[in-house]
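I opened my notebook to look into how one residue sits in its surroundings. Then I wanted a view of the whole chain.

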Amino acid sequence: MPELSCQDLIRFLDDYVDMTQSDKVRVAFDGHLKNCPNCVAYLKTYRDTISLARGACAEDAAAPPPDDIPEELIQIILKSRPSD
Ligand SMILES: [Zn+2]
């Protein structure tokens with residue numbers, strides 16, 4: 001496999017992060033990352049973004065808004081709104 005360029009790395013980043021790529025691609029990625037701090041930084045940012053996004057989704061799924069919100073709380077929320 002020829003050496004990856006930064007563009008190649010970015011193009012296959014999804015697969016790399018999801019570990020759906022072949023071993024050959026993974027080895028090429030790791031080889032590139034060893035020599036390219038820019039891509040290491042990019043990958044880190046990319047992963048952070050994904051985990052943030054997934055965390056937000058997981059939170060939504062795990063904690064749907066309760067449908068038994070106390071009346072007091074509703075009043076507090078309504079009162080705290082700027083009146084127009
Ligand atoms: Zn690179």
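I began with Leu13: is this residue buried, exposed or partly exposed? I found 18 C-beta neighbours inside 10 Å, so Leu13 counts as partly exposed. A buried residue would need 20 or more. I kept in mind that this is a predicted model.

Next I looked up where Leu13 lies. I placed Leu13 in helix α2, which covers residues 13-18.

Which residues does Leu13 touch, leaving out those up to four places away in sequence? I noted Leu43 and Tyr46. I also checked Tyr42 against Leu13: they are 29 residues apart in sequence. In space, their C-alpha atoms are 9.8 Å apart.

Then I turned to the core. The largest nonpolar core has six residues. I listed Leu4, Leu9, Tyr16, Ala28, Phe29 and Cys39. I followed Phe29 and skipped residues up to four places away in sequence. Phe29 touches Leu4, Leu9 and Tyr16.

Last, I looked at the whole protein chain. I counted five helices and zero strands. Along the sequence, the pattern reads α-α-α-α-α. Of the 84 residues, 7% count as buried.

Technical notes:
Residues numbered from 1 in each chain as written. Predicted model: local features only at pLDDT ≥ 70, side-chain atom pairs only at ≥ 80, totals over all residues. Core = buried A, V, L, I, M, F, W, Y, C linked by C-beta atoms within 7 Å. Buried ≥ 20, exposed ≤ 12 C-beta atoms within 10 Å, placed from the backbone. Contact = placed C-beta atoms within 7 Å. Helix = DSSP H or I, 4+ residues; strand = E, 2+ residues; numbered from the N terminus.
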